[in-house]
Amino acid sequence: MNTPKELLGKLDASAVGTRVLLRLAQEILLGFRALGDLTGTVSDAMDQCGIAGAVPGSTLKPTDPGARIVGQAVTVLNRRTEQTVAAAVARKVSGLREIEAHNLAEPGDILVIQGVAGCSSLGGISASVGKRQGEAGAVVDGGVRDIDHSRSIGYPIWSSGVSPITGKWRVETVAVNVPVVVAGISVRPGDLVIADEVVAQASARSDQERLAKLAAGIPLPEFVAIPRRRDKLPDRG
């Protein structure tokens, strides 16, 4: 087991659920990264296993349409602060403390934030810190900003919204590496997170052989009889 990292002091130690994640074998992560139709294949597999865990791309939109990530979750729990913006500005102390999560992240991890709608829970500086830590990217149920910057440094983000409004006067980080809820899905520290851009073309790629035969003019009964790649999961032994 890895040695726990020292905290930065931005949050009380009691607000940090765990400093060391239970690590998945690299072979598992590499296996997922090798999938062609990444999220579509995994979503179908979860259906067959009775697991609810897929979120549509229309709910969490990618800032970089070509990005795809596979990694373990380092979680952040944010909530809307009770003080007014004016009072927060006067104090000149940001309520955002996700840097404690960045500090605990290992290369390849994914920051998962239960955020606040209408303002940013992650901006350019935070994205730069995440990139510096080697994170694969971030998933934010809430607003983000400075996405031109995050794209330019290769730090992909999936979020429920983009807002120029800073969260540092409106949001407070209350815990790190505790269970969070993102788009209705519970995410625990260390959970496997995968993301890409799911569009119509993804399904077309997975069924390209069937569609090619249809375009060639095969009768509809023959087309329906052709097994789809994801109708049955391969037996992994």
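Colleague: Let us start with glutamate 106: does this residue count as buried or partly exposed?

Modeller: Glutamate 106 counts as partly exposed, because its relative accessibility is 26%. The general idea is a scale: buried means under 20% relative accessible area, exposed means over 50%, and partly exposed lies in between, with a 1.4 Å probe and protein chains only. The areas come from the Shrake-Rupley method with a 1.4 Å probe, and for residues only the protein chains shown count as cover.

Colleague: What should I know about the model before going on?

Modeller: This is a predicted model, in which local features need pLDDT of at least 70 and side-chain atom pairs count only at pLDDT 80 or more, while totals for chains, interfaces and linings use all residues. Residues are numbered from 1 along each chain as its sequence is written, and side-chain values use heavy atoms, leaving out hydrogens and water.

Colleague: How many helices and strands does the protein have?

Modeller: There are nine helices and nine strands. These are DSSP runs, numbered from the N terminus: helices are H or I with at least four residues, strands are E with at least two. Of the 237 residues in the protein, 39% are buried. The accessible surface comes to about 12,700 Å², and 56% of that belongs to carbon and sulfur atoms.

Colleague: Back to glutamate 106. Which residue forms a salt bridge with it?

Modeller: A salt bridge is a side-chain nitrogen of Lys or Arg within 4 Å of a carboxyl oxygen of Asp or Glu. Here the partner is lysine 5, with the closest N and O atoms 3.8 Å apart. The two come from distant parts of the chain, 101 residues apart: glutamate 106 is in the loop between helix H4 (99-104) and E3, and lysine 5 is in the segment before H1. Lysine 5 is partly exposed too, at 24%.

Colleague: How many salt bridges does a search of the whole structure find?

Modeller: Six. Among them is the one between aspartate 109 and arginine 23, at 2.6 Å from N to O. This pair also links distant parts of the chain, 86 residues apart, with aspartate 109 in the loop between H4 and E3 and arginine 23 in the segment before H1. Aspartate 109 is buried at 2% relative accessibility, whereas arginine 23 is partly exposed at 33%. Arginine 79 is in strand E2 and glutamate 172 in strand E6 (residues 171-176), 93 residues apart.

Colleague: How do I read the way strands pair?

Modeller: Two strands pair if DSSP finds at least two bridges between them. E2 and E3 pair in the parallel sense over five bridges, and valine 74 stands opposite leucine 111 in E3. E3 and E4 are likewise parallel over five bridges, where leucine 111 has alanine 138 in E4 as its bridge partner. E2 (residues 69-80) also runs antiparallel to E9, joined by four bridges; there isoleucine 69 stands opposite alanine 195.

Colleague: Why is strand E3 described as largely enclosed?

Modeller: Strand E3 (residues 110-114) is largely enclosed by the rest of the structure because four of its five residues are buried.

Colleague: And which residues form the covered face of E9?

Modeller: In a regular strand the side chains alternate between the two faces of the sheet. In E9 (residues 192-195), Val193 and Ala195 form the covered face, while Leu192 and Ile194 form the uncovered one.

Colleague: What does helix H2 pack against?

Modeller: Contact means heavy atoms within 4.5 Å. The buried residues of H2 pack against helix H1 (26-33), E2 and E9. They are Leu38, Thr39, Gly40, Thr41, Val42 and Met46. Just after H2, glycine 50 takes a positive phi of about 75°.

Colleague: Which residues does alanine 136 contact away from its sequence neighbours?

Modeller: Leaving aside neighbours within four places in sequence, alanine 136 is in contact with Ile69, Gly108, Asp109, Ile110 and Pro156. Alanine 136 is in the loop between helix H5 (124-132) and strand E4 (137-144). Its C-alpha atom is 6.9 Å from that of glycine 71, although the two are 65 residues apart along the chain.
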